[in-house]
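Please look through the sequence and the model shown here before reading the notes that follow.

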Amino acid sequence: MKGSYGTPTTLFCDPDGKELSRKPGAIGGSELVKMGNEALVKVPGDHVSVIEWVAAKKALAESDEAFGKEDYKKAIEAIGKVSKSKVKAIAALAEEPRKKLDEKGNALLEEAKGTIETDKAEAKKLLRKIADQFKGLDCAKKAADALKELKD
């Protein structure tokens with residue numbers, strides 16, 4: 001912030017600290033919102049509303065909690081809400097949890113494949129569970145393919 005200003009003064013700056021607008025004197029809530037919206041238009045990149053951000057963070061927390069409870073289907077559904085966001089910055093938040101879920105599904109898939117020789121019925125049960133619980137992920141498709149191979 002450069003220059004002199006009296007108090008109160010309302011300033012809006014971009015993420016780099018460049019001043020976007022300045023209003024000396026006290027202002028009301030509606031004027032503050034108007035100034036904020038006008039300043040936001042001047043900021044490049046994706047604009048994320050607080051409503052979108054809070055909803056995404058809530059969905060990520062729900063996914064993490066479901067993952068901890070081994071409710072993978074619910075975890076994937078919550079991640080799906082985030083990944084469908086039109087805001088790229090929010091959709092990108094789903095990438096890491098989705099990868100974590102797919103890794104878990106692949107680990108369970110390897111476990112199921114390891115039981116094929118000793119307990120084919122148990123292997124089929126595990127593969128069905130993976131195909132159902134991890135729907136939409138690569139590991140679910142692999143589990144379904146492995147089930148088809150066992151039927152042949």
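I116 is partly exposed, with a relative accessible area of 22%, where buried means under 20% relative accessible area, exposed means over 50% and partly exposed lies in between, for a 1.4 Å probe and protein chains only. This is a predicted model, in which local features need pLDDT of at least 70 and side-chain atom pairs count only at pLDDT 80 or more, while totals for chains, interfaces and linings use all residues. Residues are numbered from 1 along each chain as its sequence is written, and side-chain values use heavy atoms, with hydrogens and water left out.

**The loop around I116**

- I116 lies in the loop between helix 5 and helix 6, and the numbering of helices and strands runs from the N terminus over DSSP runs (H or I, at least four residues, for helices; E, at least two, for strands).
- Leaving aside its neighbours within four places in sequence, I116 is in contact with A123 and L150, contact meaning heavy atoms within 4.5 Å.
- From C-alpha to C-alpha, I116 and G136 are 24 Å apart in space, and they are 20 residues apart in sequence.

**Helix 5 with helix 6**

- Helix 5 (residues 95–114) and helix 6 (residues 120–133) pack at an angle of about 165 degrees, with their axes 9 Å apart; the axes are lines fitted to C-alpha atoms, for helices over the stretch in contact, and angles run from 0 to 180 degrees between N-to-C directions.
- Helix 5 and helix 6 are therefore roughly antiparallel to each other, since angles over 145 degrees count as roughly antiparallel, those under 35 as roughly parallel, 65 to 115 as roughly perpendicular and the rest as oblique.
- Helix 5 passes helix 6 in a left-handed crossing, a term used if the near helix is turned anticlockwise from the far one by less than a right angle, with right-handed used if it is turned clockwise.
- In this contact, G105, L108, L109, E111 and A112 of helix 5 meet A123, L126, L127 and I130 of helix 6.
- The residues of the contact of helix 5 with helix 6 divide into seven nonpolar, one polar and one charged, where Ala, Val, Leu, Ile, Met, Phe, Trp, Tyr, Cys and Pro count as nonpolar, Asp, Glu, Lys and Arg as charged, and the others, Gly among them, as polar.

**Helix 7 and its partners**

- Helix 5 and helix 7 pack at about 20 degrees, with their axes 8 Å apart, and that makes helix 5 roughly parallel to helix 7.
- The crossing of helix 5 and helix 7 is left-handed, and D102, G105, N106, L109 and K113 in helix 5 meet D138, C139, K142, A143 and A146 in helix 7.
- By class, the contact of helix 5 with helix 7 has four nonpolar, two polar and four charged residues.
- The axes of helix 6 and helix 7 come within 8 Å and cross at roughly 145 degrees, and this crossing, too, is left-handed.
- Where helix 6 meets helix 7, the residues include L127 and I130 on the helix 6 side and A143 and L147 on the helix 7 side; by class, this contact has ten nonpolar, no polar and three charged residues.

**The nonpolar core**

- The largest nonpolar core has 28 residues, and those with the most contacts inside it are V82, L101, L127, I130, F134, L137 and A143; such a core is a set of buried Ala, Val, Leu, Ile, Met, Phe, Trp, Tyr and Cys residues joined through side-chain atoms within 4.5 Å.
- The elements that give two or more residues to this core are helix 2 (50–68), helix 3 (72–83), helix 5, helix 6 and helix 7 (138–151), and helix 7 gives the most, with six residues.
- F134 has its place in the loop between helix 6 and helix 7 and is buried, with a relative accessible area of 1%.
- Beyond its neighbours within four places in sequence, F134 is in contact with residues including Y72, I76, L101 and L108.

- S63 lies in helix 2 and is buried, with a relative accessible area of 4%.
- Not counting residues up to four places away in sequence, S63 touches A75, A78, I79 and L101.
- E70, in the loop between helix 2 and helix 3, is exposed, with a relative accessible area of 52%.
- Phi of E70 is near 60 degrees, a positive value in a residue other than glycine, whereas most residues other than glycine have a negative phi.
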